[in-house]
Amino acid sequence: MRTAELEQSKGLTQLDAARKIGVTPVTLSRWKAEFGGLRVDQAKRLKDLEQEASRLRKIVSDQALDILILKEVSKGNFYARRSEAVPFKWRCVNLRSASAWHVKS
């Protein structure tokens with residue numbers, strides 16, 4: 001973007017400056033809107049912070065889902081009535097469903 005600004009200061013139009021650096025004029029306008037007043041190091045820092053925020057949002061959403069799953073599982077009755085004729089086995093099916101534990105005969 002800095003190159004395009006230098007070319008425009010030399011008298012080129014925005015279209016010609018965009019062509020010279022190999023981008024479309026729309027891309028150049030979008031860059032100016034997003035990074036217009038920033039130096040290169042500030043723009044890089046902004047991108048890094050945006051990536052970190054995205055990563056942290058994903059972690060928080062995963063933890064919220066885990067909490068919901070644990071609350072749902074804790075509501076269940078985990079003691080099955082035992083039939084004397086048929087032994088039973090515990091098995092976990094889908095932890096995200098309302099009834100997480102089932103007895104298999």
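Residue S29 lies in helix α3 (residues 25–35), where a helix is a DSSP run of H or I with at least four residues, numbered from the N terminus. The model is predicted, so local features need pLDDT of at least 70 and side-chain atom pairs count only at pLDDT 80 or more, while totals for chains, interfaces and linings use all residues. Residues are numbered from 1 along each chain as its sequence is written, and side-chain values use heavy atoms, without hydrogens and water.

**Residues in helix α3**

- S29 is partly exposed because its relative accessibility is 34%, which falls between the limits for buried (under 20% relative accessible area) and exposed (over 50%), with a 1.4 Å probe and protein chains only.
- S29 and Q14 are separated by 15 residues in sequence and by 8.8 Å in space, C-alpha to C-alpha.
- T27 also has its place in helix α3, and T27 is buried, with a relative accessible area of 17%.
- The side chains of T27 and T24 form a polar contact at 2.9 Å; the term denotes a pair of N or O atoms within 3.5 Å, one able to donate a hydrogen and the other to accept it.

**Helices α1 and α2**

- The axes (lines fitted to C-alpha atoms over the stretch in contact) of helix α1 (residues 2–9) and helix α2 (residues 14–21) come within 9 Å and cross at roughly 135°.
- In α1, T3, A4, E7 and Q8 meet Q14, A17, K20 and I21 in α2, contact being heavy atoms within 4.5 Å.
- The residues of this contact comprise three nonpolar, three polar and two charged.

Methods: Axes are lines fitted to C-alpha atoms, for helices over the stretch in contact, and angles run from 0 to 180 degrees between N-to-C directions. Helices (H or I, at least four residues) and strands (E, at least two) are DSSP runs, numbered from the N terminus. Ala, Val, Leu, Ile, Met, Phe, Trp, Tyr, Cys and Pro count as nonpolar, Asp, Glu, Lys and Arg as charged, and the others, Gly among them, as polar.
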